[in-house]
There are 2 protein chains.
Amino acid sequence: MSSQAAHPTLLIPGPIEFDDAVLQSMGHYRQLLPVLVYSESHVGPGFVATFGDTLSKLRKLFQTTDPASQPFVINGSGTLGWDLVAANLVEPGENVLVLSSGYFGDAFADCFSAYGAKVTKITGAVGSRPQPDEIEKALKEKKYKVISATHVDTSTGVLFDLKSLTAIVKRVSPETLIIADGVCSVACEEIDFDAWGLDVVITASQKAIGCPTGLHISMFSGRAIEVVKTRKTEPAVYFASIKRWLPIMQNYEAKKPSYFSTPSPQLIRALNTAVSQVLDRPLSERFQRHIEASDKVKKTVADLGLKVVASKPEDQAHAMTAIYLPDSVSPPDILPKLLNKGIIFAGGLHKDIGSKYIRFGHMGPSVMDPKRRDVDNALDALKGALAECGYKA
Amino acid sequence: MSSQAAHPTLLIPGPIEFDDAVLQSMGHYRQLLPVLVYSESHVGPGFVATFGDTLSKLRKLFQTTDPASQPFVINGSGTLGWDLVAANLVEPGENVLVLSSGYFGDAFADCFSAYGAKVTKITGAVGSRPQPDEIEKALKEKKYKVISATHVDTSTGVLFDLKSLTAIVKRVSPETLIIADGVCSVACEEIDFDAWGLDVVITASQKAIGCPTGLHISMFSGRAIEVVKTRKTEPAVYFASIKRWLPIMQNYEAKKPSYFSTPSPQLIRALNTAVSQVLDRPLSERFQRHIEASDKVKKTVADLGLKVVASKPEDQAHAMTAIYLPDSVSPPDILPKLLNKGIIFAGGLHKDIGSKYIRFGHMGPSVMDPKRRDVDNALDALKGALAECGYKA
């Protein structure tokens, strides 16, 4: 990244920094002519092969070898994933249990409600997550069609223990479909789709995968697909219809052109490059590197006398950190000072504490690329900016 | 386009050829460093200003000066626009009149049905469009909440006379909202949003606007927005909710960051460049240039002894031509021969005549860029490929 100095480093919890090769992939002919980039057909053999290969690679990223599992890549965003789940897996009037640890859990609940689901929501205290005993109690009280958890809530940096959750659900209510919002966790936190028995994991292109924004990405289990196929009522959606997208994804993965709605060759080529880069190294190593970066960030925050929004270490995400500011410092004070030092953090995004904290995303190339010093630079900038605000640790 | 020879020319009816500057815009820092391209925040001031400017420019492209009109740019595609219309403007059980001249009109009807509308569809004979007397009769028989027409059906190249339609609706059923699917017409066919009294025009980034695929683009009238705001039931959608996107679009256009679902800085920068290029010249000149290119294509087709799918000249789109092949030639025969000559056309996409015709898209840079000879090259390639198939005019 020889020219990093030419732009401030984007260290918000998504979109994130890109590897040059990812963005260059958006120009199909870059390998011949680095600057000039061209168009291609969404049903031409070159693109069809790339799209199919991308879908196959996503199976590896989500750690599923069950051929019944089904990846989806659709123009959109993480948000669209909520619609895919709420519109296709739940029929109006059915019960849904939403586990929320912040803004995004609450919004997922709103999405379920919009589609007519009967939503029960368990909300963790600010900086915490719903507890196992509450979840087990709720599952025993009522039959739920689906349970959803936000794996990492980008508003708070709270990590949900997805593996333990799946164990509880399998024991107490095995027929309940388990949905994970992995927007801020796929490609940076361990997700073992088959072994944990997940039914849907949704994510987006611009987080730890490291591709530009614009794509919704998800993995559905064979069981989830069966539920879509056998539901009593037709889903009242069109663009977000799993039934309509299913044959398209299956055809592309079989390297056959297929049409429902035009996919983006540019974004999907970038996604292919990004996912290929992720899979270049063992996933376990990638998760470990994010843990190490996170440990360094959390230690520095503690050394500065500051607190992380996620109060317990076991609830702390590894690819982002929400940091409470000192009482004397506000986000509008410190964010411009960080920018002056070439670092972009995000402000708060939680209704109760929004003005009291900032968010630092440390994921993807900023953690994995050995030529970058993004995390160290950001921590130095944070120290300097706090000092400029008059704060002494 | 000095390096055009490095890749075949994409002359399908979308996605189309890009101007270099459009694709280079997907790298924010291209102006400093042509090859290296970087990330930026979706709520940073640079991107917010660009998104806001893009929305304002879209008002000019759709020819609306009414401040109540509202542009929307959302990650997605043309298809998503059908959902925006069907989910937000029509309540379940309300009547919709769909005018179809091919695959896309039929699919729009399917989308309305998915959301619970009562759909009446008038379908033109293959290569034709619903006629004014049929439309007027239907409008007098029943009260319709909305009427939709596919301005150009990409499957057949049939152009709908939108201006005359609006006159009929205003006279016979003025309260009916008028929806135009402009996926294959915005930025290449005359659309006068205010003067014609349109309520919604939907389109996508990858057609005549000349931006990569991945964005849904639409314009809603103030009257349409009022219908969304005053409907009796809440729309049962989330990602496709106009109410949720409305404040976001208004904030971005006012240069204020706002969040519902992450927009794509890369695609929206490309869109800004593409729309700016479109607006560099008077729209009337642009439409005229597309008419001239179309006339040349249609004349060559006639000189070759072949027929256009749109049978009457007044029903022929100006930015694409669906061409019936000679009986002795099939799409799988001729498309590879065209590709050998560096030209990509599309196959047929109509349930009754799919194997009998090919589609030639002549829009955007291929028509407007004086340095390109795309249309002439394509016509030469067509003549040569037909000869190679043993066809003599």
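**Close-up views of a predicted two-chain model**

At 0% relative accessibility, B:Ile217 counts as buried (buried means under 20% relative accessible area, exposed over 50% and partly exposed in between, with a 1.4 Å probe and protein chains only). The model is predicted, so local features need pLDDT of at least 70 and side-chain atom pairs count only at pLDDT 80 or more, while totals for chains, interfaces and linings use all residues. Residues are numbered from 1 along each chain as its sequence is written, chains are lettered from A and ligands numbered from 1 in the order in which they are written, and side-chain values use heavy atoms, with hydrogens and water left out.

View 1. Helices (H or I, at least four residues) and strands (E, at least two) are DSSP runs, numbered from the N terminus. Leaving aside neighbours within four places in sequence, B:Ile217 has contacts (heavy atoms within 4.5 Å) that include B:Leu58, B:Phe62, B:Phe72, B:Val201 and B:Leu271. The C-alpha atoms of B:Ile217 and B:Leu55 are separated by 9.5 Å, although the two residues are 162 residues apart along the chain.

**View 2. B:Gln206 in the loop between β9 (200-204) and β10 (215-220) of chain B.** B:Gln206 counts as buried, at 2% relative accessibility. Not counting residues up to four places away in sequence, B:Gln206 touches A:Thr262 as well as B:Gly14, B:Pro15, B:Ile16, B:Cys211, B:Pro212 and B:Thr213. The peptide bond that joins B:Gly14 and B:Pro15 is cis, with omega about -5°. B:Pro15 lies in the loop between β1 (9-10) and α1 (20-24) of chain B.

**View 3. Packing of helix α2 (residues 45-61) and helix α10 (residues 265-279) of chain B.** The helices pack at an angle of about 40°, with their axes 9 Å apart; axes are lines fitted to C-alpha atoms, for helices over the stretch in contact, and angles run from 0 to 180 degrees between N-to-C directions. That angle makes α2(B) oblique to α10(B) (under 35 degrees counts as roughly parallel, over 145 as roughly antiparallel, 65 to 115 as roughly perpendicular and the rest as oblique). Residues that make the contact include B:Phe47, B:Phe51 and B:Leu58 of α2(B) and B:Ile268, B:Leu271 and B:Val275 of α10(B). The contact residues divide into 10 nonpolar, 5 polar and 4 charged (Ala, Val, Leu, Ile, Met, Phe, Trp, Tyr, Cys and Pro count as nonpolar, Asp, Glu, Lys and Arg as charged, and the others, Gly among them, as polar).

**View 4. Two sides of helix α12 (residues 331-340) of chain A.** The buried residues of α12(A) are A:Pro331, A:Ile334 and A:Leu338. They cover an arc of only 80° around the axis, which puts them on the same side of α12(A); the arc is that of the directions from the helix axis to the C-beta atoms. On the other side of α12(A), A:Pro332 and A:Asn340 are exposed. The buried residues pack against β12 (343-344), β14 (357-361) and α14 (374-388) of chain A. A:Gly342, which follows α12(A), has a positive phi near 85°.

**View 5. Positive phi at B:Ala187 and B:Lys255.** Most residues other than glycine have a negative phi. Phi of B:Ala187 is near 80°; this residue is found in the loop between β8 (177-181) and α7 (193-196) of chain B and is buried, with a relative accessible area of 3%. Phi of B:Lys255 is near 65°, and B:Lys255 counts as partly exposed at 46% relative accessibility.
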